[in-house]
Amino acid sequence: MHRNIIIASRTDTGLERTENQDACGCWYEESSDTYLLVVADGMGGAACGAVASQLAVQVIYERFFSIAERQLPCAERLARAICAANAVIHQRAEKEWRCHGMGSTCAVLAVIPSVKRAYLAHVGDSRIYLIRDNRIARLTRDHSRVQRLLDDGLITEEEAMNHPDSNLLERSLGHRATVLPEVRSEPIEISSGDIFVVCTDGLTSLVRDEEIFELARQYPPQPACDALIALANERSGPDNITVQIMQIAG
């Protein structure tokens, strides 16, 4: 582990749900000097949303760090890991009637400090942000109907925050036999002071990007995770909320 890299995470059920169907994981592999952060938001009702998100996190971790994948470029490893998770979730849903239709989002960040590079991929509306040079940049684009309406200029950012179709995804893990992950084509060169935020829409549906920026800058990673979740819950917390923060310290 690197002394200049600080990672924190927290997941919360929220105020209206009885079960947390989000999942997250964080790992460091010393031999490849690679950190992997994964966030997933399950869908499917009853216990199946939780099954889908947990499968997503576990399979992505196992496949990404598998010996068979190790010689591949990092971006390709991310894509293959996500596709493997999609296949496992889809097969489980086909086999178990109670889990029919279950699915999950995922947002995955891989950071290799020795070469100062970060790689990322996602499916669905879980997001990855980068805070740098006194600004916040969203590194992912939601695979949702609302995002398409925004892209087409049919609604404003303000309208998107409370749109009735905000839960309709156009891409997710498990709903089809195959999925096309969105993988950032070029790595991000990491710098001292960078802060990455990986989160589910339980946060971003209630907390604006500029508020994420302020709290992630104001506090160390763990208190920042706590503060972001507290803010979402102050605003009714209707969904599960998951936040992971990685800070590249000076």
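Student: What makes strand S7 (residues 127-132) and S8 a pair?

Tutor: They share four bridges in the antiparallel sense, and pairing takes at least two DSSP bridges, so S7 and S8 qualify. Strands here are DSSP E runs of at least two residues, helices H or I runs of at least four, numbered from the N terminus. Arg-132 stands opposite Arg-135 of S8.

By the way, this is a predicted model: local features need pLDDT of at least 70 and side-chain atom pairs 80 or more, while totals for chains, interfaces and linings use all residues. Residues count from 1 along each chain as its sequence is written, and side-chain values use heavy atoms, without hydrogens or water.

Student: Why are S1 (5-12) and S8 (135-138) said to stand at the edges?

Tutor: The open sheet runs S1-S12-S11-S7-S8, with antiparallel pairing. S1 and S8 each have a single partner strand, so one side of each lacks a neighbour in the sheet. Neighbouring strands are turned by 15° on average, direction ignored.

Student: Which strands does helix H6 (residues 209-218) touch?

Tutor: H6 packs on the sheet against S7, S8 and S11 (195-199), where contact means heavy atoms within 4.5 Å. Helix H7 (residues 221-234) packs there too, touching S1 and S12 (241-248).

Student: Which residues touch the most other members of the largest nonpolar core?

Tutor: Leu-36, Met-102 and Leu-173, out of 34. To belong, an Ala, Val, Leu, Ile, Met, Phe, Trp, Tyr or Cys must be buried and joined through side-chain atoms within 4.5 Å; buried is under 20% relative accessible area with a 1.4 Å probe, protein chains only.

Key: Buried means under 20% relative accessible area, exposed over 50%, partly exposed in between (1.4 Å probe, protein chains only). Axes are lines fitted to C-alpha atoms, for helices over the stretch in contact, and angles run from 0 to 180 degrees between N-to-C directions.
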